[in-house]
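Trainee: I am new to this one. Could we go through the terms and check each against its cut-off?

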Amino acid sequence: MKKYLVFIGSFAIFLILFEILSGLLLTAFYTPDFSSINSYQQEVAFGIDTGYPYLIILLTASFAYYFSQKLGKAFNKKG
């Protein structure tokens with residue numbers, strides 16, 4: 001169980017770091033479009049964050065850990 005928690009914890013840390021770094025790069029290389037600068041009213045639409053993508057990523061990482069442990073044991077028995 002300890003190996004699983006270390007795996008999921010490190011996976012979560014790497015995921016957060018990846019999201020921060022990709023956000024920084026996207027912000028750094030963003031070129032604004034000044035063609036609509038004369039319009040007086042602009043509407044900005046933001047999405048709703050449901051958290052489902054993070055749940056799916058956590059489940060996928062859990063399956064990856066589980067199957068890697070099972071395959072590792074299977075290959076160790078043959079070798």
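Mentor: Start with Thr 27. Its side chain reaches the backbone oxygen of Gly 23 at 2.8 Å. This is a predicted model, where local features need pLDDT of at least 70, side-chain atom pairs count only at pLDDT 80 or more, and totals for chains, interfaces and linings use all residues. Residues are numbered from 1 along each chain as its sequence is written, and side-chain values use heavy atoms, leaving out hydrogens and water.

Trainee: Where is Thr 27 found?

Mentor: Thr 27 is in helix H1, residues 2-28. Helices are DSSP runs of H or I, at least four residues, and strands are runs of E, at least two, numbered from the N terminus. The protein chain has two helices and zero strands.

Trainee: Why is Thr 27 called exposed?

Mentor: Its relative accessible area is 60%. Exposed means over 50%, buried under 20%, and partly exposed in between, with a 1.4 Å probe and protein chains only. Thr 27 is therefore exposed.

Trainee: What makes Ser 62 count as buried?

Mentor: Ser 62 has 17% relative accessibility, so it counts as buried. Ser 62 sits in helix H2. It touches Tyr 4 and Ile 8, not counting residues up to four places away in sequence; contact means heavy atoms within 4.5 Å. Buried residues make up 5% of the 79 residues in the protein chain.

Trainee: What makes the aromatic pair of Phe 63 and Phe 67 stacked?

Mentor: A pair of aromatic rings is described by the distance of the centres and the angle of the planes. Rings of Phe, Tyr and Trp (its six-membered ring) pair if their centres lie within 6.5 Å; planes under 30 degrees apart are stacked, over 60 edge-to-face, and the rest tilted. The structure holds five aromatic pairs. Phe 63 and Phe 67 come to 6.4 Å centre to centre, with 25° between the planes. They therefore pair, and the pair is stacked. Both lie in helix H2, four residues apart, about one turn of the helix.

Trainee: Which residues form one aromatic cluster?

Mentor: Tyr 4, Phe 7, Phe 11 and Tyr 65.

Trainee: Why is Phe 67 called partly exposed?

Mentor: Phe 67 has 47% relative accessibility, so it counts as partly exposed. Tyr 66, at 44%, also counts as partly exposed. Tyr 66 lies in helix H2, residues 52-78.

Notes:
A polar contact is a pair of N or O atoms within 3.5 Å; within protein, one must be able to donate a hydrogen and the other to accept it, and residues adjacent in sequence count only if both atoms are side-chain atoms.
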